[in-house]
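Good morning, and thank you for joining this group meeting. Please look first at the sequence and the structure, and then I shall take you through them.

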Amino acid sequence: MQEEFVSCLSDFGMAPAKAYQQISLELEGDGDPYMDLGSFTAVRMEPEADRLICDHLGKNLANQNEYGETTHIHKRLVQTIADLLGAPNVEHAAGCSTSGSSEACAIAMLMHKLIWQASASRSQLQRAPNIVLGRNAHLVWRKFALYLGVEVREASFKRINRYPLQNVVDLVDENTICVVAVMGSTFSGFCDPIEKINDALMKLNARNGWNVGIHVDGAIGGFILPFLEDPAKPVWDFALPLVRSINLSGHKFGLVYPGLGWLILRDQSIIPDAMNMTASYLTGNTQSYAISFSRSSSLVVAQYFNFLHFGRAGYGAIIERCMKNARYVAASLEAMGCFDIISTLSLPVITFSLKSGSALTEEALCRDLGERGWMLPHFAMPQNIGCNAMRIVIREDMTRNRLDALLDDVADILSKQVRCIPPLKHAI
């Protein structure tokens with residue numbers, strides 16, 4: 001039955017306290033973000049960060065001259081992140097904050113398209129440009145390719161966690177504007193082998209006289225890998241010569257509330273002249289190549305707070321704790337005897353499925369957990385993988401006690417529905 005329309009606008013309004021009370025009561029029907037197991041986005045910040053966010057909500061980031069210190073902080077953040085990502089010359093690095101990684105992806109795609117157009121021959125321009133990516137890439141790439149008139153060429157995965165490198169290389173041609181590589185698939189946290197992609201493209205470019213580069217979608221892993229103390233972690237950033245642009249999510253493991261992304265460029269040459277637009281109707285000249293114009297400065301200030309507050313050691317300790325908890329949860333689930341672990345745990349993302357032939361389905365398990373307050377997503381893995389899966393993201397806010405409570409509930413449901421495990425069994 002369709003809900004009857006009721007306008008939010010009453011004739012005379014109501015007192016602030018009453019409006020606050022009404023909205024608070026309505027929102028009690030929402031789920032608890034601390035119980036959202038599949039979300040990557042940060043749910044809490046320090047009280048001092050909350051105060052800074054409130055203090056600067058009204059500052060428009062687009063007014064670069066009116067808020068000169070905020071503009072300076074923004075530039076300093078771009079250079080700091082570029083340095084974190086191995087930019088060869090931080091002074092020449094470029095980038096901008098965005099309203100999220102999706103906007104950063106759109107800007108990057110447009111930049112790569114315009115760079116390709118500037119050097120393309122007349123015959124090339126008669127055909128559509130293309131991007132090449134794996135089937136594990138986020139939906140946003142297909143969405144913005146549609147908007148920007150770019151063909152999407154997808155390489156299918158024939159096996160879980162086995163990147164189809166040769167298939168990707170075979171899809172590249174003279175009209176490829178870039179290869180999109182993913183550092184942390186939203187499905188399983190799988191990281192594409194960017195060093196191998198770089199090496200293969202270097203050979204392909206040299207053989208054909210092409211100039212195909214790489215964009216790294218680091219929405220998930222971009223703020224994890226730089227702080228991960230692991231000698232076996234991959235080479236993936238600007239240390240590789242063909243990596244020309246990287247997007248990151250400040251609102252994921254950058255530990256800022258939802259609404260902040262970053263696009264970082266290898267150097268200024270990645271910015272096409274056509275995108276360096278100047279707005280002279282503000283005080284002085286204002287340059288911007290972001291899609292969003294008017295936007296609050298508050299979350300940029302919040303990112304600055306986190307960098308100052310945590311430092312490298314603080315971020316490193318948080319990432320290590322998340323990784324340790326991810327390994328603990330994965331081992332505990334595996335010990336229950338009913339699950340197959342899909343993810344490689346190179347990032348704190350646990351993707352798992354029920355063993356073949358289980359009397360319980362992923363949908364039923366998620367529904368039963370939902371009755372206990374947990375929000376656990378279930379989904380189909382990309383085409384050709386052929387299995388359903390569930391995902392737990394180990395965020396900064398997830399304590400061991402809360403994870404134990406989750407594992408207890410999973411074990412309790414399984415013991416009643418499947419009877420394949422002793423109840424309340426965890427890994428040590």
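A residue is called buried when its relative accessible area is under 20%. With that term in hand, let us begin with strand β1, residues 94–98, in what is a predicted model. Five of the five residues of β1 are buried. Ala94, Cys96 and Thr98 point one way from the strand, while Gly95 and Ser97 point the other way.

What does β1 pair with? Its partner is strand β7, residues 261–265, and the two pair in the antiparallel sense over five bridges. Within this pairing, Thr98 stands opposite Gly261 of β7. In general, strands of a sheet pair through backbone hydrogen bonds, either parallel or antiparallel.

Let us now widen the view to the sheet. Seven strands form an open sheet, and their order is β1-β7-β6-β5-β4-β2-β3, with mixed pairing. At the edges are β1 and β3, the latter covering residues 151–155, and each of them pairs on one side only. On average, neighbouring strands of the sheet are turned by 20° against each other, direction ignored. Strand β2, residues 130–134, pairs with β3 in the parallel sense, again over five bridges. There, Gly134 stands opposite Ala155 of β3.

Helix α3, residues 68–84, lies across β1, β6 and β7, and runs at about 65° to β7. Helix α8 lies across β4, β5 and β6, and runs at about 165° to β5.

Is Asn205 buried or exposed? Asn205 has a relative accessible area of 8%, and therefore counts as buried, the limit being 20%. The side chain of Asn205 reaches the backbone oxygen of Val212 at 3.0 Å. Not counting residues up to four places away in sequence, Asn205 touches Trp210, Asn211, Val212 and Leu242.

We turn next to the nonpolar interior. In soluble globular proteins, nonpolar side chains tend to be buried together. Here the largest nonpolar core has 99 residues, and those with the most contacts inside it are Trp262, Leu333, Phe339, Ile350 and Ile392. Helix α9, residues 298–335, supplies the largest share of this core, 16 residues. Apart from this core lies another one, of 17 residues, among them Cys105, Ala120, Ala137 and Phe144. To return to Ile392, its contacts include Leu37, Val329, Leu333, Ile350 and Leu406, not counting residues up to four places away in sequence.

Helix α10, residues 362–370, gives a further example of burial. Glu362, Ala364, Leu365, Cys366, Asp368 and Leu369 are buried in this helix. Their cover includes β10, β11, β12, β13 and α11.

Finally, a word on the cysteines. How many disulfides does the structure hold? The structure holds zero disulfides.

Conventions:
Residues are numbered from 1 along each chain as its sequence is written. This is a predicted model: local features need pLDDT of at least 70, side-chain atom pairs count only at pLDDT 80 or more; totals for chains, interfaces and linings use all residues. Side-chain values use heavy atoms; hydrogens and water are left out. Buried means under 20% relative accessible area, exposed over 50%, partly exposed in between (1.4 Å probe, protein chains only). Helices (H or I, at least four residues) and strands (E, at least two) are DSSP runs, numbered from the N terminus. Contact means heavy atoms within 4.5 Å. A polar contact is a pair of N or O atoms within 3.5 Å; within protein, one must be able to donate a hydrogen and the other to accept it, and residues adjacent in sequence count only if both atoms are side-chain atoms. Two strands pair if DSSP finds at least two bridges between them. A disulfide is a pair of cysteine sulfur atoms within 2.5 Å. A nonpolar core is a set of buried Ala, Val, Leu, Ile, Met, Phe, Trp, Tyr and Cys residues joined through side-chain atoms within 4.5 Å. Axes are lines fitted to C-alpha atoms, for helices over the stretch in contact, and angles run from 0 to 180 degrees between N-to-C directions.
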